[in-house]
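Biologist: Please put up the sequence and the structure. I have some questions about both.

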Amino acid sequence: TRLVHQLIATLPQREQEIVRQVYFSDRTFGEIAEETDHVSRSWLSRIHLRAVSRLRKVLRQAGQLHANA
């Protein structure tokens, strides 16, 4: 869990906020979009995907994740 929090902290601020809200506050893109000015669910989904991709890349490079994941 500590590693996950450390990795999330390396993401750009907006990506950090979205990842934390989705995974640690159990919020939907719709809920987050309602509170975020001028950001649609679709755009939040893209930002989330980019953040998860970055995290996977770092984990693969560190040998913590298989290449298929």
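Biologist: Is Gln61 buried or exposed?

Modeller: This is a predicted model, in which local features need pLDDT of at least 70, side-chain atom pairs count only at pLDDT 80 or more, and totals for chains, interfaces and linings use all residues. Residues are numbered from 1 along each chain as its sequence is written, and side-chain values use heavy atoms, with hydrogens and water left out. Buried means under 20% relative accessible area, exposed over 50% and partly exposed in between, with a 1.4 Å probe and protein chains only. Gln61 has a relative accessibility of 61%, so the residue counts as exposed.

Biologist: Which helix holds Gln61?

Modeller: Helices are DSSP runs of H or I with at least four residues, numbered from the N terminus. Helix H4 covers 41–61. Gln61 lies in H4.

Biologist: Which residues does Gln16 touch, not counting those up to four places away in sequence?

Modeller: Gln16 lies in helix H2 and is buried, with a relative accessible area of 9%. Contact means heavy atoms within 4.5 Å. On that basis, and leaving out residues up to four places away in sequence, Gln16 touches Ile8, Ala9 and Leu11.

Biologist: How far apart in space are Gln61 and Leu11?

Modeller: In sequence, Gln61 and Leu11 are 50 residues apart. From C-alpha to C-alpha, the distance between Gln61 and Leu11 is 16 Å.

Biologist: Which residues of H2 are buried?

Modeller: H2 spans residues 13–24. The cover over its buried residues includes helices H1 (2–8), H3 (29–35) and H4 (41–61). The buried residues are Glu15, Gln16, Ile18, Val19 and Val22.

Conventions
Helix = DSSP H or I, 4+ residues; strand = E, 2+ residues; numbered from the N terminus. Expected span 1.5 Å × (residues − 1).
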